[in-house]
Amino acid sequence: MAENLDPGARAAAEQKARKAARDAARQDESSEINKITAGKSDIIPPWEMDATGIALVDTHAHIDGEDFDGDREEMLARAKQAGVVAVITFGDTMESSARVVKLAASHENVFGGVGVHPENAFPLTQAEEDNFSVWAKEKNIVAIGEIGLDYYWEKDEDKRKLQRKMFVRQLALARGLDLPVCIHDREAHGDLMSILKTEGRKNRGVIHCFSGSWEMAKELLKLGWYLGVDGPLTYKNAAKLPEIVQKMPADRLLVETDCPYLSPLPYRGKRNEPAYVRITAECAAKIRGESLAELSEQTTENACAVYGLNF
Ligand code: NI
């Protein structure tokens, strides 16, 4: 990377490189899945299924980005047809948070979280931090997120330190604004737990796309946190996740897409969208021995409780 770039430009370039790496991985997965599903035409998309009695909330999406620039309104219409009554979309940079505020203001069923994702951590100035207080008062803004720690993509110790600093600062911001947080944790379980038990002990919210052990889940549940599950629940290599979904109390479970990433089967590797939360919800219902209607009612109640939604 060019040495003469200013920090902002360097961060943007790094972010672009990481997105390219993720897109390439998605492409690889997509061609694998296409091989598996080639010739199978019996896949019914969620928006063609009966949505009577289904009222789901996709509690974690990223619909502000260019992946949806071509069909954002159609995508939201498909979600509605699939029984998804609301979507919570999260910013991951200052720019994307500003777009989230606009989206939430212009759509009744779109709620938003504003925050800086750990992959994009930077030394936040006071003026930038002040933006959050303004955004928090806007229509349908319900959380600070997506914030957290990501040691999978970030191997550099100094940058991990910056992530922790920014995470702690955004936790404080959320407490000041009396908002829940939405937390990303990838391969940073130890540091995450220690921060949540110290600086974050008075925060509330969701550990999204939970990827820890049952032991860790129990600790988080005891501390009052909600856990979100995404498309990986449907993968053959879902590991400990199904067991956690089965054992955890119903009143702390949330279902999410994290779209455009993490599509559930049979769409793995393709662009994800809020309608597909129904597939993850169905999978969770099956694991828990409940009907989709039951699970949808409970998880939507949970979404309303933790994010203070009213619709
Ligand atoms: Ni996310």
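Which residues touch the most other members of the largest nonpolar core? Of its 81 residues, these are Ile144, Leu227 and Ala284. Such a core is a set of buried Ala, Val, Leu, Ile, Met, Phe, Trp, Tyr and Cys residues joined through C-beta atoms within 7 Å.

## Basis

This is a predicted model, in which local features need pLDDT of at least 70 and side-chain atom pairs count only at pLDDT 80 or more, while totals for chains, interfaces and linings use all residues. Residues are numbered from 1 along each chain as its sequence is written.

A residue is buried if 20 or more other C-beta atoms lie within 10 Å of its own, exposed if 12 or fewer, and partly exposed in between, with C-beta atoms placed from the backbone. Helices (H or I, at least four residues) and strands (E, at least two) are DSSP runs, numbered from the N terminus.

## Helix H9

Helix H9 covers residues 277-288. Because 9 of its 12 residues are buried, H9 is largely enclosed by the rest of the structure. Among the buried ones are Arg278, Glu282 and Ala284. Not counting residues up to four places away in sequence, Ala284 is in contact (C-beta atoms, placed from the backbone, within 7 Å) with Val229, Leu233, Val245, Val255 and Leu295. Gly289 follows H9 and has a positive phi, near 70°.

## Helix H2

In helix H2 (residues 72-81), Met75, Leu76 and Ala79 are buried. Seen down the helix axis, they fall within an arc of 100° (taken from the directions from the axis to the C-beta atoms), so they line one face. Their cover includes strands E1 (56-61) and E2 (84-90). Exposed Glu73 and Glu74 lie on the face turned away from the buried side.

Technical notes: Contact = placed C-beta atoms within 7 Å. Expected span 1.5 Å × (residues − 1).
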